Each structure stands twice: as C-alpha cells, then as structure tokens.
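Colleague: I am new to reading protein models. Could you show me how to look at a pocket and at a pair of packed helices?

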Amino acid sequence: MIVAETVTRHSADRRLNRLLSSRLAQFVGLTALPATLVFAQAARDPSNPVETETGIAVKDATVIEKCGTCHTADAKGNLSRISWVRTTPEGWAQVIHRMIKINGLSITPAESKAVVRALSATHGLAPEEAKPVMYLPEHRMVNETNVPNETIRQSCASCHAFAQPLSWRRSKAEWSLLRNLHVSMYSQADAQYRRPVEDPTQPAVATGAVKPLPVEVALEYMNKNAPLTTPEWTKWEARIQSPRLGGKWMVNAMLPGKGLYVGEMIVTPAAAEDDYTTAITLRSIKDGSVLTRTGKGLVYTGYSWRGTSSSGPEGASPDAPQDHETRETMWFSPDRKSAQGRWFWGDYKEFGFDVKLTRASAEPTVVAVAPYALKTGTKGTTLTLMGDAFPAGLKPSDIDLGKGVVVSKVVSASPTQAVLMVDVAADAAVGAHDVGVGGSVLAAGLPVYKKVDYIKTTPDTSLARLGGSEKHTPGFAQFDAIGYDNGLDGKPYTTDDVALGPIDVTWKMEEFQTVYYDDDVNYVGKLSENALFTPAIDGPNPARKWGRNNYGEVWVVATAKSEKDALGKPLTAKSYMIVSVPAYKRWDQPEVAK
C-alpha cells in the first residue's frame with residue numbers, strides 16, 4: 001500500500017533527478033533521440049514545481065520546533081511543504097512516521113501527539129471533506145465506487161484505496177511533488193503512471209496531439225477536486241470550536257453476527273481541552289446481555305473523535321466485544337447533536353460496531369425499535385421503542401408510526417423504554433417509516449414490508465487472512481444475512497428496496513471455481529453456524545497438491561430457514577471471499593486514538 005504523505009522537497013527532488021537522469025541516459029544509450037523529444041519528456045516530468053499559492057501559516061511552537069529544522073519558514077509564517085497540505089489525523093501521523101524512518105526526525109510520543117493535534121486543527125479537513133472518506137480511518141472493507149474512471153484507478157487506486165489521496169488537500173505544486181515522491185520511492189510507480197489504459201470515458205486525442213499520461217489525468221482530477229483552498233475549509237475555519245461533548249449520548253450499535261445493541265455513553269471532559277473519558281452501557285436486543293465499558297477519547301479539528309474503550313482484561317473469544325479493547329472512530333455533526341462511526345477491534349480490524357449517537361436532552365429521544373421491521377396486515381404485534389426521556393403517562397396518541405401503522409395500546413412505559421401493541425394495515429405504505437414520540441423523530445427508523453423478496457449476505461466481498469502460527473495471527477471474517485422487500489417499484493436491487501434487518505439462515509461454503517481441483521473449500525478454514533469464518537493456519541500444507549499454502553477463494557452461502565421465493569424454494573444469497581496470506585506489512589496509526 002502506497003502512503004500519500006509529505007517529505008522535504010530537496011530529498012525527494014534529489015532522488016527523482018537521479019532516477020530520471022539514469023533512465024534517460026540508459027534510453028539515449030540505446031537509441032539517439034531528437035533534442036525536442038528529450039526536452040518534451042523533461043517538461044512532462046517537472047522535478048521542482050514552483051509554489052505559487054497562498055499557504056497556511058504554522059503558529060504552533062511544537063510544530064515549529066520539531067518540523068522547522070528541515071521545513072524552512074518564510075516571512076509569512078509558512079513552513080515549506082507543510083503549509084500547502086491539509087489532511088486527517090491519520091495522514092499527519094503517517095507523515096511523522098515517514099519523517100522518523102526516512103529523514104531521521106527525533107520526536108517523543110508526547111511531542112508526536114501534540115504535532116498531530118496542532119496540524120489537524122489548522123491543516124485538517126472540514127467535516128464535509130472528511131465524511132466521504134471516513135471509511136478509511138474506520139477500517140471498513142468496501143468496494144470503492146468513488147473512483148471516477150479506469151485511468152485514475154490505475155494511477156491512484158491500484159496500490160492503495162482511493163480514499164488515501166482523497167483524504168488530502170494540496171496545492172497544485174504539492175500534488176506534482178507527490179507524484180515525484182512516488183516515482184522516487186516506489187519502483188513500480190513510474191511504469192504505473194505511464195502504462196496505457198483502455199478507458200472509453202476519456203476523450204479522444206486530436207490528430208497529432210500527445211495523449212496525456214495516466215498520471216496527468218489523475219493530477220488534473222486531484223487539482224480540481226482536492227485543492228488546498230476550498231469553500232468548505234474556509235467556512236469551517238471560521239466555525240471551529242472546542243466541541244464540548246460532555247453529557248449523555250444515546251447509542252445505537254449494530255454488531256454484525258450479534259445484532260443490535262442499545263444504551264448510553266456518558267462523556268466527561270478530562271484535564272486537557274478536547275480530551276474526554278467515557279462510560280458506556282449497552283444492552284443486546286438479541287439476548288438481553290449487558291455490556292459495560294470505560295474508555296477515553298479525543299477530538300481533532302472540532303468534530304473528529306478518536307478513542308478507545310474496554311470491558312476489562314483481554315479475553316480469548318475473537319468475536320466477543322467484552323473480550324477486547326475497541327478503537328473508536330466517529331464523525332460528529334457540526335451541530336453536536338449526533339455522531340456516526342465505527343468501534344472496531346481485531347488484528348485486521350475485522351470486527352466492529354456500526355455506531356450512531358444521539359445527544360440526550362430534555363425532549364424524548366427514540367434510539368431504536370425492536371423488532372427491526374413490521375409486516376403489513378399484522379395485528380397485535382409487540383413493538384418496543386428504546387430511547388431516553390419518554391414522558392410519564394405515555395398514550396397511543398403521543399406516538400406516530402406513519403401511515404397505516406396504528407398504536408392500539410401502550411403496554412408499559414418507562415423513561416427509557418415503551419412497549420406498544422401495534423396494528424399494521426394491509427395497505428400500509430411500504431418503506432422505512434419515521435418513529436415519532438412527541439416532538440422527537442427517529443427518521444426512517446421502522447421498516448414496513450409486504451414480504452421478504454430476497455436476501456443479501458454482507459459483506460458481499462471479503463478478505464480473510466491465514467494465521468495462527470507464532471508470528472502471524474489470523475484475520476477473521478463475520479457475515480450476516482439481510483432480508484429485503486423489493487419496494488414500491490416491485491424490482492429487486494433498486495434504490496427503493498427496503499432493508500429488513502438480519503434474518504435466520506443456515507450457512508455453508510462452496511467452491512469458487514478459478515483453479516480446477518484445488519478444493520479450496522476443504523483447506524481455507526471453517527465457517528461457524530453464526531457465520532464467523534476462522535481461517536486455517538498459514539504455511540505450506542503437505543496435504544495439498546504441490547504443498548500449497550491454505551489460501552484460496554470460496555463462496556459464502558446463506559439459505560433462509562423460512563423465507564421462500566415464488567417457486568417455493570428457500571431464498572439464498574452468497575458472497576465472495578478471498579482467504580489470503582498474512583499481511584506482512586502494516587500501515588495503521590493506532591496512536592491517534594490514544
């Protein structure tokens with residue numbers, strides 16, 4: 001994985017110049033080139049672009065002390081390179097790692113933490129800039145649909161996630177220098193940047209014109225879509241404050257394989273500004289078990305939470321949240337009333353809660369409902385609302401569940417839970433209904449459906465890693481099966497389909513036929529009844545043909561226990577899983593959560 005980060009200009013330029021000179025000399029030694037062609041090639045690879053944009057002054061004393069030795073200051077308070085880039089806390093941590101390993105930076109953990117905080121505050125991303133790429137610090141495995149074309153995929157997303165460059169904002173000169181950095185440090189980068197791409201989205205080149213290199217197409221895109229100065233950052237600079245997150249937050253946390261947890265997180269300000277301690281209580285809707293945790297967190301750039309929490313000493317079950325410390329990455333809304341993110345653990349961050357927070361207030365707050373969805377035409381269904389500050393003497397008329405869904409009785413009510421008797425009309429509107437209690441609304445909180453038309457296994461593609469030896473721990477995979485109603489258009493896999501939550505299924509693995517007779521399904525690992533995949537040990541396996549390792553490709557198949565298709569056959573779904581070798585190099589920055 002290529003990491004996009006800054007280095008001092010002179011060191012990168014020297015390496016690039018040596019590389020270009022060497023390659024040009026080798027090429028000229030093979031065949032004589034016209035001088036015009038040599039000059040044209042040099043013009044397309046500028047090694048020292050001139051900075052013309054207004055930089056962001058660096059005022060923090062620790063940043064100036066630790067970075068100013070190599071990054072020179074100008075009369076306006078700009079530090080070379082640093083003043084012309086913005087990025088996430090993880091991005092600045094990557095920079096510090098690189099400076100230590102490549103440029104000999106001497107810095108203590110406390111100083112490093114201070115530098116990341118300071119630069120995240122003045123050279124960070126606005127909330128609107130960070131939100132689309134939060135899946136990167138949340139360590140989600142996703143199929144990126146934000147890569148604009150195949151040319152840019154080859155230049156930027158063939159070695160790392162496209163979210164990596166999209167997590168940065170740079171001046172035009174800095175984007176050019178980043179290209180130079182890749183060429184100087186990664187042997188494959190120059191070839192990757194120049195390799196022709198079959199991309200019908202790119203305009204045809206006029207007769208006699210020079211076709212732009214893939215890297216030039218990528219740089220044009222990044223200069224347009226990720227410049228140093230943006231309206232979002234300009235507005236956020238004026239708004240940024242200490243977020244003052246202290247108080248009670250209601251938690252909705254979905255854990256794949258284990259279902260929904262509901263509870264609260266008490267956030268208490270700590271000694272340093274933007275530092276907090278946390279006390280978390282969660283209750284499983286599936287089995288009623290209670291999970292208590294304590295932790296701490298800090299906020300970067302006025303909205304970006306990084307934290308940790310645990311229930312006590314580490315345990316042995318890989319998928320049990322009470323056995324592990326979780327890292328927390330959350331995006332708080334600028335109005336400080338809600339947040340969303342992921343609390344994750346595992347050597348490959350493969351386990352985690354999908355979390356939504358709602359700030360508690362004097363008004364009623366609805367956090368979740370159970371069951372997750374209601375079927376049309378049902379009578380006397382028990383529906384439980386969970387939240388905070390529900391009023392005493394709650395009446396059916398205080399509750400609004402949308403067209404066709406009527407509360408016939410309030411069975412019981414407390415400040416945090418209301419048990420209702422509900423009737424759903426046969427012609428009730430299909431879709432995700434709002435849940436209203438008094439003036440509070442849980443938007444799209446109650447799916448209403450006619451039938452389960454199909455199911456999906458999630459994730460639809462996954463990567464597990466062999467492990468279990470002394471050096472390498474396994475990378476697990478957890479699956480769920482989610483039911484769907486086709487929605488109002490009656491067609492599956494369209495935008496109006498209604499997600500109905502996890503449904504009961506049986507699980508198995510099937511061979512993915514890429515290599516005949518390799519029988520991957522027998523060697524890659526085991527899938528439990530609850531869809532937890534445990535990979536096999538890494539290393540050569542004498543039982544396999546040619547003593548191969550236990551890697552392979554398989555289908556993970558879910559078969560519904562009760563839901564059937566139009567022919568009366570059980571609904572099925574499958575997802576693709578690669579079981580690979582251990583990751584021998586890690587690029588994570590866990591210290592930003594400390």
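This is a predicted model: local features need pLDDT of at least 70, side-chain atom pairs count only at pLDDT 80 or more; totals for chains, interfaces and linings use all residues.

Colleague: How does one find empty space in a protein?

Modeller: Rolling a probe the size of a water molecule over the atoms shows where space is left empty. In this model, the second largest pocket has a volume of about 800 Å³. It is lined by 31 residues, and those closest to its centre are Lys286, Gly501, Pro502, Ile503 and Asp504.

Colleague: Which elements give two or more residues to the lining of the second largest pocket?

Modeller: They are strands S4 (259-269), S11 (365-370), S22 (480-485), S23 (498-502), S24 (505-511) and S27 (552-564). S27 supplies the largest share, four residues.

Colleague: How many nonpolar, polar and charged residues are in that lining?

Modeller: The lining of this pocket has 19 nonpolar, five polar and seven charged residues.

Colleague: Now the helices, please. What is the angle at which helix H4 and helix H5 pack?

Modeller: Helix H4 (residues 89-103) packs with helix H5 (residues 109-122) at about 135°, and their axes are 9 Å apart. An angle over 145 degrees would count as roughly antiparallel, so H4 and H5 are oblique to each other. The crossing of H4 past H5 is right-handed.

Colleague: Which residues make the contact?

Modeller: H4 brings Pro89, Trp92, Ala93 and Ile96, while H5 brings Ser112, Val115, Val116, Leu119 and Ser120. Sorted by class, this contact of H4 with H5 has seven nonpolar, two polar and no charged residues.

How values were computed: Residues are numbered from 1 along each chain as its sequence is written. Side-chain values use heavy atoms; hydrogens and water are left out. On a 1 Å grid over the protein atoms alone, a cavity is a set of points where a 1.4 Å probe fits but cannot get out, and a pocket is an open set with protein on both sides within 12 Å along at least five of seven lines; lining residues have an atom within 4 Å of a point. Grid points are joined across faces, edges and corners, and a volume is the space filled by probe spheres set on the points. Ala, Val, Leu, Ile, Met, Phe, Trp, Tyr, Cys and Pro count as nonpolar, Asp, Glu, Lys and Arg as charged, and the others, Gly among them, as polar. Axes are lines fitted to C-alpha atoms, for helices over the stretch in contact, and angles run from 0 to 180 degrees between N-to-C directions. Angles under 35 degrees count as roughly parallel, over 145 as roughly antiparallel, 65 to 115 as roughly perpendicular and the rest as oblique. A crossing is left-handed if the near helix is turned anticlockwise from the far one by less than a right angle, and right-handed if clockwise. Contact means heavy atoms within 4.5 Å.
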